[in-house]
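Please look over the sequence and the model shown below before reading on.

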Amino acid sequence: MAISIRSIETAVPDTELKQGEIRDLFAAQPGRTRLAQRQIAAVFDAAAIDTRHTVVDELDQQPREGAPVFYDAAAGKLLAPTTGVRNDVYAERSPALFLAAARRALAAAPGIEAPDVTHVVTVSCTGFFAPGPDYAIVRELGLAPSTQRYHLGFMGCYAAFPALRAARAFCASDPGAVVLVVCIELCSIHLHASDDPDTIVASSVFADGAAAAVVTGRETPSADQHPRLDLDAFDSALIPTGEADMAWTIGDQGFDMVLSRYVPGIIGEHIVAGLAPLLASDPELAGRPAADVDLWAVHPGGRSILDKVQHALGLSDGQLAPSRATLREDGNMSSATVLFVLRRLLHGEGGGPPDARVGAMAFGPGLTVESALLTRRAPR
């Protein structure tokens, strides 16, 4: 049997942000220039996001007892906690999410139980603690103490692809391997008010969420009775421009996220060349346009990014629908987001033939383009 994703499951925080309400909150902050207020309104409204989720419960704007940390409801003011305080929130709130996603993924994987897991690969770029998520997953889910653990940190929105590539390599070297891949991102703990246009763009799209996938080539009972995503090929490309247009640095008041308004144009200009080696590696797709791939999971970094990718590759509205739905309902959750899209495809969203070919891609600091070809196998 091919090395496949047997399940993908997700988790988001309980606090839901409505885009219009969070737009008005940012625009109303003291010290915003009239130009910045207009930019906030325009950027938030153009984001094609209805709702996002956050672990920063204070952003529901309801009064609370005790000293505020991120938002003072009485004053209507966003606060500026230190990086240490923000990271403490990451350490406190992330485990519930990544453990929920991991448990759900294991429960959904046919014929796989927690003791079967041989490797854990965790992914995050929004916080740090040690022992980290990989350790917590082994302990809390009852995995074997000998489970091999790996963590990919600070790679940004494309990091699910290196994690899946590593999972496939582990399974190729050990036919009995079962790899649990878990992405957890709490982007909202680093949001802050600003007049800077790039910061406004980041504030308009980033959100919190976790996603987990079970990867294996092991034969398991009833596996063919469930859908799966075969991992066919991966590729990585560095776009020659835009190194400073998508970046994260650690500041005194959180991680400073740069998502330049120039990113969509840069991606649109270079994505065809960036995908060419991946398509050329597959005999069925070599020399054919990207639109000939049945289904697409494009990381929804923002509406403009999806627009540029769709136009450059000639993709249909249907091929982009799962990515746009994820953006609309959950925003940009960095590395976890493309797994949200792939989960939709795994469960039949987007249509396509029984054994549909799937193209997937994500973008991150560098600018880096990570991509993959998969095959969605329908239940037999």
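At what angle do helix α7 and helix α8 pack, and how far apart are their axes? In this predicted model, helix α7, which covers residues 263-280, packs on helix α8, residues 303-313, at an angle of about 35 degrees, and the axes of the two are 8 Å apart. The crossing that α7 and α8 make is right-handed. From α7, the residues that make this contact are Val263, Pro264, Gly265, Ile267, Gly268, Ile271, Val272 and Leu275, while α8 contributes Ser304, Ile305, Lys308, Val309, Ala312 and Leu313. Sorted by type, the residues in the contact of α7 with α8 comprise ten nonpolar, three polar and one charged.

Helix α8 also packs against helix α9, residues 317-330, and here the angle is about 170 degrees, with the axes 11 Å apart. Since angles over 145 degrees count as roughly antiparallel, α8 and α9 are therefore described as roughly antiparallel to each other. On the α8 side the contact involves Arg303, Leu306, Asp307 and Gln310, which meet Asp317, Leu320, Ser323, Arg324 and Leu327 of α9. The residues of this contact of α8 with α9 divide into three nonpolar, two polar and four charged.

Six nonpolar and two charged residues, with no polar ones, make up the contact of α3 with α4.

Two details of the backbone deserve attention in the loops. The peptide bond that leads from Ala130 to Pro131 is cis, its omega being near -5 degrees, and Pro131 itself lies in the loop between β6 (119-124) and α4. Ser222, which is a residue other than glycine, has a positive phi, near 65 degrees, and Ser222 is located in the loop between β9 (208-216) and β10 (228-238).

These local features can now be placed in the context of the chain. Its secondary structure comes to ten helices and 15 strands, and along the principal axes the C-alpha trace spans about 60 × 45 × 30 Å. A compact globule of 380 residues would have a radius of gyration near 21 Å, and the 20 Å of this chain agrees with that value. For residues 7-216, UniProt lists, in an unreviewed entry, "domain: Chalcone/stilbene synthase N-terminal".

Definitions and conventions. Residues are numbered from 1 along each chain as its sequence is written. This is a predicted model: local features need pLDDT of at least 70, side-chain atom pairs count only at pLDDT 80 or more; totals for chains, interfaces and linings use all residues. Side-chain values use heavy atoms; hydrogens and water are left out. Ala, Val, Leu, Ile, Met, Phe, Trp, Tyr, Cys and Pro count as nonpolar, Asp, Glu, Lys and Arg as charged, and the others, Gly among them, as polar. UniProt positions are given in the numbering used here, feature names are shortened, and annotations may be inferred rather than shown by experiment. Helices (H or I, at least four residues) and strands (E, at least two) are DSSP runs, numbered from the N terminus. The radius of gyration is taken over C-alpha atoms; the globule rule is 2.2 Å times the number of residues to the power 0.38. Axes are lines fitted to C-alpha atoms, for helices over the stretch in contact, and angles run from 0 to 180 degrees between N-to-C directions. A crossing is left-handed if the near helix is turned anticlockwise from the far one by less than a right angle, and right-handed if clockwise. Contact means heavy atoms within 4.5 Å. Angles under 35 degrees count as roughly parallel, over 145 as roughly antiparallel, 65 to 115 as roughly perpendicular and the rest as oblique.
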